[in-house]
Amino acid sequence: MTSTHQRRTKILATLGPATDAPGVLEDLIRAGVNVVRLNFSHGSPDGQRERAEAVRAAAAKVGAEVGILADLPGPKIRIERFAAGKVYLKAGARFDLVADENAPPGDETQVGVSYLGLPGDVAPGDTLLLDDGMMQLRVVEVQGQRIITEVLNEAALSDRKGLNKQGGGLSLGALTPHDHDLIAVAADIGVDFIAVSFCRNAADMEEARASARKHGSQAHIVSKVERSEAITNLKEVVGASDVVMVARGDLGVEVGDAELPGLQKRIIREAIEQNKVVITATQMLQSMVDSPLPTRAEVMDVANAVIDGTDAVMLSGETAAGHYPVRAVEAMARICVGAERSFKMDTDFEAAQRNLQRADHAIAMATMFLSEHIGLGGVVALTESGGTANFLSRFRSSVPVYAFSRDDGARRRMALMRGVTPVAFDSRGMVPREAARASILHLVQTSRLKAGDKVVFTSGEHMEMHGATNTLRLLEVGEDGRASGLGEL
């Protein structure tokens, strides 16, 4: 069995001004980035397209499979602008929120809000949180389009800061007309993932999926769990998603910091139980926006997410606008490897799902049972869509999964799955025995397997078909790099 630890947890990096300089994208990919995030809340469609093209060029130059995630802005509620750009509010003062598109520029007494339906969603006694909770307002009275509040803490407040209602309960949907326009842009760019901000339920996810398919995109749909309503409907939201993101920023504002750690674990656990890929995001290495090293608390935060079983961890401002984008990725990769080495996840096969209805699920479970009990150098999965690799990944084994596929999009989507290494491979015209020998020889030649390693090879009796995996072979790598013991189990 090979001795070098291969990082299993994947890394997302948000693109921005800090990644636009020549050579930075290549360095990020070499440092360990598996998927990049295009934040559609900022920039123009042409700018996003240019960044996507630059990512594909950099990935080709480095020789890596790198996915692209388009993050929709969603119905982010914001205050409007102040006449002076910023005001300072004192505790106990009255401050009005005006839900009128013709509201005047704000001052120390009032400011407009972007969501004109806000007065109907709040009542006296509610707490409104601005600027990620830095400013807190208590609703005193609602007078038509005007919400009269009392300032609870002294702080500065500037233009276009976000607004949340503590405990949730805002009625606006997840997808705005602008989001649908941006889905068309994402489809045209050819992104691999589309993230839905502020989703509430399964219907929001299905709406996004239908919009993507309408525009010809096969991108996986990512639910960003950041509203109280999504927690209430967690099982159905996860079920309607391809990927789940623990979006800790707005979620923490709505539910409170004290509830966030437990909710993170709950969301990750629910995603794994439903065989969905899960991302942990927001301020993971925030200090590295300005510092070349993370804090010990940040190291523990990333490590705990890895130990919880997250597929991927995400960097936001650290790479988009930070001074040390490449160092941030290197630090993230280093922490992931350290956590994986220290904590081995043991699969409880007694608690595993019974009465499996699909052959590829059964093959995945049998493969991981073998990996736990006989010691494998790797699992080789011939897959058309990536479904088999996803099921193998859900068992969180320490054995690397090499997913061979001829589908470019499938490989980029598999780049987000924990423990899965996608490999370009065209098996057309081969019988399974030939494909097994060719794929394993490739892994030997690229130093991923060596003589004496035991390998499980999974494929379909009829290859090049979606969901056709129904065969498992236990092989051993010979001295010449060829697989022997080609018998079916």
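In helix H8, residues Arg-248, Leu-251, Gly-252 and Val-255 meet Leu-260, Leu-263, Gln-264 and Ile-267 of helix H9. By class, this contact of H8 with H9 holds five nonpolar, two polar and one charged residues. The model is predicted. Helix H8 spans residues 248-255, and helix H9 spans residues 260-273. Two packed helices are described by the angle between their axes and the distance between the axes. For H8 and H9, the axes come within 10 Å. They cross at roughly 125°.

Eight strands close into it, in the order E1-E2-E3-E12-E13-E14-E15-E16. The pairing is parallel. On average, neighbouring strands of this sheet are turned by 25° against each other, direction ignored. Strands E2 and E3 illustrate the pairing. E2 covers residues 35-39 and E3 covers residues 67-71. The two run parallel and are joined by five bridges. Val-36 has Ile-68 in E3 as its bridge partner. Helix H5, residues 202-214, packs on the sheet. H5 touches strand E12 (193-196) and strand E13 (220-225). The direction of H5 makes about 150° with that of E13.

A further sheet is open. Its six strands follow the order E6-E5-E9-E8-E7-E11, and the pairing is mixed. Strand E6 (110-112) and strand E11 (163-165) form the edges, each pairing on one side only. Within it, strand E8 (residues 135-143) pairs with strand E9 (residues 146-151). This pairing is antiparallel and extends over six bridges. Val-142 stands opposite Ile-147 in E9.

The aromatic side chains were examined next. The count comes to one aromatic pair. The rings of Phe-404 and Phe-425 have centres 5.3 Å apart. Their planes stand at 85°, over the cut-off of 60 degrees, so the pair is edge-to-face. The pair links distant parts of the chain, with its two residues 21 residues apart. Phe-404 belongs to strand E18 (residues 401-405). Phe-425 lies in the loop between strand E19 (420-424) and helix H16 (432-445).

Conventions:
Residues are numbered from 1 along each chain as its sequence is written. This is a predicted model: local features need pLDDT of at least 70, side-chain atom pairs count only at pLDDT 80 or more; totals for chains, interfaces and linings use all residues. Side-chain values use heavy atoms; hydrogens and water are left out. Two strands pair if DSSP finds at least two bridges between them. Helices (H or I, at least four residues) and strands (E, at least two) are DSSP runs, numbered from the N terminus. Axes are lines fitted to C-alpha atoms, for helices over the stretch in contact, and angles run from 0 to 180 degrees between N-to-C directions. Contact means heavy atoms within 4.5 Å. Ala, Val, Leu, Ile, Met, Phe, Trp, Tyr, Cys and Pro count as nonpolar, Asp, Glu, Lys and Arg as charged, and the others, Gly among them, as polar. Rings of Phe, Tyr and Trp (its six-membered ring) pair if their centres lie within 6.5 Å; planes under 30 degrees apart count as stacked, over 60 as edge-to-face and the rest as tilted.
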